[in-house]
Amino acid sequence: MGLFDSIRSVLGLRAEADATRAADPEDLFGMSTAYLTMQADLSYDSVGAAALCFSSVDSTDFAETLDEVEAILHAGSEETGTTFRRHADSHGYQWVVLEDSDPEDLVTSIHFAADEFIERGYGSRLLAAVFGFEKPEDDVRAYWIYSFRRGAYYPFAPKRGHERNQRVEFKLQSVLDGELGIEDDEQYWYPLWPDQRGGHPWD
């Protein structure tokens, strides 16, 4: 998993201290129309997956919260066909990874999971929601990342060699600005590098 330790400051403690507003899980529904704009205006397709990143707490109540999140996602999967899995990465972060060919189902499932954390009093443990896009013909991938600590989205377009495709990122910002609440301080556009070539941030 490609999360370096400095994410602890950028998506964690530092962002919490510098937060501009409280995160609102309703912001996630903005991605429903963003998927359409990404395809119609920029020719990006969904990668068919999205993920929720959070930090855990060693407590019985938090374990029960995770069980409730899984129960909600399992119930939803019977209706939508959205599959999910959970794993812990080498940096101590937890992920819920969702897969579905319908972007609307991905957004809904991410919202349900995030909302359950918040309802159970663990909203402060949420770090990011990550939505993936690709242009297979151009060998380009891009992600919209929602930072729960900043209450805003930002684009991330990785290239080989841990470089960022800033041209793509600024293009995404210019097209989606106004449709999504985009982070205006670029120091918080933190990269979530995949750990392996061809992987996603949540792999």
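Which residue in S3 is the bridge partner of His 87? The partner is Trp 95. The legends below start from the whole model and then move to close-ups.

**Figure 1. Overview of the predicted model.** This is a predicted model, in which local features need pLDDT of at least 70, side-chain atom pairs count only at pLDDT 80 or more, and totals for chains, interfaces and linings use all residues. Residues are numbered from 1 along each chain as its sequence is written, and side-chain values use heavy atoms, with hydrogens and water left out. The protein has 5 helices and 8 strands. Helices (H or I, at least four residues) and strands (E, at least two) are DSSP runs, numbered from the N terminus. Read from the N terminus, the order is α-α-β-α-β-β-α-β-β-β-β-β-α. The protein has 203 residues, and 50% of them count as buried. Buried means under 20% relative accessible area, exposed means over 50%, and partly exposed lies in between (1.4 Å probe, protein chains only).

**Figure 2. Strand S3 and its two partners.** Strand S3 spans residues 93–99. It is mostly covered, with 6 of its 7 residues buried. Strands pair here if DSSP finds at least two bridges between them. Strand S1 (residues 45–55) joins S3 through 7 bridges, and the two run antiparallel.

**Figure 3. The hairpin of S5 and S6.** S5 and S6 run antiparallel and are joined by 5 bridges. Trp 144 has Pro 155 of S6 as its bridge partner. The hairpin has 4 residues between the strands. Gly 151 takes a positive phi near 65° in this hairpin. Strand S6 (residues 152–156) is mostly covered: 5 of its 5 residues are buried. Both faces of S6 are covered. Ala 152, Tyr 154 and Phe 156 are buried on one side. Tyr 153 and Pro 155 are buried on the other.

**Figure 4. Aromatic contacts.** A pair of aromatic rings is described by the distance of the centres and the angle of the planes. Rings of Phe, Tyr and Trp (its six-membered ring) pair if their centres lie within 6.5 Å; planes under 30 degrees apart count as stacked, over 60 as edge-to-face and the rest as tilted. The count comes to 12 aromatic pairs. Tyr 35 and Phe 133 form a tilted pair, 4.8 Å centre to centre with 40° between the planes. Tyr 35 lies in helix H2 (residues 30–42) and Phe 133 in strand S4, so the pair ties together parts that are 98 residues apart in sequence. Tyr 35 counts as buried at 5% relative accessibility. Phe 133 is buried too, with a relative accessible area of 1%. Elsewhere, ring pairs link Phe 54, Phe 62, Phe 117 and Tyr 122 into a cluster.

**Figure 5. A charge over a ring.** The charged end of Arg 150 sits over the ring of Tyr 188, 3.8 Å from the ring centre. The rule asks for NZ of Lys or CZ of Arg within 6 Å of the ring centre and within 35 degrees of the ring normal.

**Figure 6. The largest pocket.** The space in this pocket is about 530 Å³. Its lining has 21 residues, and the closest to the pocket centre are Asp 139, Pro 158, Lys 159, Arg 160 and Gly 198. A pocket is an open set of points on a 1 Å grid over the protein atoms alone, where a 1.4 Å probe fits, with protein on both sides within 12 Å along at least five of seven lines; lining residues have an atom within 4 Å of a point. Grid points are joined across faces, edges and corners, and the volume is the space filled by probe spheres set on them. Strand S4 (126–135), strand S5 (140–147) and strand S7 (158–159) each give two or more residues to the lining. S5 gives the largest share, 3 residues. By class, the lining has 7 nonpolar, 6 polar and 8 charged residues. Ala, Val, Leu, Ile, Met, Phe, Trp, Tyr, Cys and Pro count as nonpolar, Asp, Glu, Lys and Arg as charged, and the others, Gly among them, as polar.

**Figure 7. Two loop residues with positive phi.** Ser 43 is not a glycine, yet its phi is positive, about 65°. Ser 43 is found in the loop between H2 and S1. It is partly exposed, with a relative accessible area of 43%. Asp 139 lies in the loop between S4 and S5. Its phi is near 55°, a positive value in a residue other than glycine. Asp 139 counts as exposed at 57% relative accessibility.
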